[in-house]
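I opened my notebook beside this structure and wrote down what I looked up. Please follow along with the sequence and the model in view.

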Amino acid sequence: MGDLTKNLSRHEFECECGCGFDTVDFLLVDWLQKAVEHFSCEFSQDVYVVITGGNRCPEHNEVIGGSANSQHIYGRAADHKFYFKDSKQQIDPEIVAEYYEEEYPNICGLGRYHNRTHIDCRGSAARWGKS
């Protein structure tokens, strides 16, 4: 159980440097929760999400070479992976990206990577990575 939604907790979004930055945009949390529910329904099995990159304070963002305009520094972005609960098998990030493309075509930032997906709620379309 999460403290933000059924499946997500605030600590999952904390900046990795240990500064304590854990404020996260509720729209982002809502989108991630809806994706958990969508994939659980679509595949008829429980799914969970792992946040691999959440918030970044400006200092940590600079240290890791993040974009100066990264949505991570505003608490509006998450790099993540979805897994099937029973088998621990990852859902293909391309399937995840296609879901977001269909659901939020003009209002999300979407990064496609071979092992994860980036989603942000910037309010406009932005795309990068493999397609």
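**Rings**

Which residues do ring pairs link into a cluster? I found Trp31, Phe39, Phe43, Phe82, Phe84, Tyr99, Tyr100 and Tyr104 linked this way.

Before going on, I noted that this is a predicted model, in which local features need pLDDT of at least 70 and side-chain atom pairs count only at pLDDT 80 or more, while totals for chains, interfaces and linings use all residues. I also noted that residues are numbered from 1 along each chain as its sequence is written, and that side-chain values use heavy atoms, with hydrogens and water left out.

I looked up the aromatic pairs and found eight of them in the structure. Rings of Phe, Tyr and Trp (its six-membered ring) pair if their centres lie within 6.5 Å; planes under 30 degrees apart count as stacked, over 60 as edge-to-face and the rest as tilted. I picked out phenylalanine 43 with phenylalanine 84, an edge-to-face pair with 5.2 Å centre to centre and 90 degrees between the planes. Phenylalanine 43 lies in helix H1 and phenylalanine 84 in strand E2, so this pair ties together parts that are 41 residues apart in sequence. (Helices, H or I with at least four residues, and strands, E with at least two, are DSSP runs numbered from the N terminus.)

Phenylalanine 84 is buried, because its relative accessible area is 8%. Phenylalanine 43 has 27% relative accessibility and therefore counts as partly exposed. Here buried means under 20% relative accessible area, exposed over 50%, and partly exposed in between (1.4 Å probe, protein chains only).

**Two helices**

I turned to H1 (residues 26-43) and H3 (residues 93-103), which pack at an angle of about 115 degrees with axes 11 Å apart. Axes are lines fitted to C-alpha atoms, for helices over the stretch in contact, and angles run from 0 to 180 degrees between N-to-C directions. On the H1 side I listed Trp31, Leu32, Lys34, Ala35, His38 and Phe39, and on the H3 side Ile95, Val96, Tyr99 and Tyr100. Contact means heavy atoms within 4.5 Å.

**The core**

Which residues have the most contacts inside the largest nonpolar core? I noted Phe13, Leu28, Leu32, Phe39, Phe82, Tyr100 and Ile119, in a core of 26 residues. Such a core is a set of buried Ala, Val, Leu, Ile, Met, Phe, Trp, Tyr and Cys residues joined through side-chain atoms within 4.5 Å. H1, strand E1 (47-53), strand E2 (77-84) and H3 each supply at least two residues of it. H1 gives the largest share, seven residues.

**Valine 50**

I found valine 50 in strand E1. With 31% relative accessibility, valine 50 counts as partly exposed. Not counting residues up to four places away in sequence, valine 50 touches Asp79, His80, Lys81 and Tyr83.

**Two loop residues**

Last, I looked at backbone angles. Serine 44 is not a glycine, yet has a positive phi of about 55 degrees. Serine 44 sits in the loop between H1 and E1 and is exposed, at 67% relative accessible area. Lysine 88, also not a glycine, has a positive phi of about 60 degrees. I placed lysine 88 in the loop between E2 and H3, where lysine 88 is exposed with a relative accessible area of 51%.
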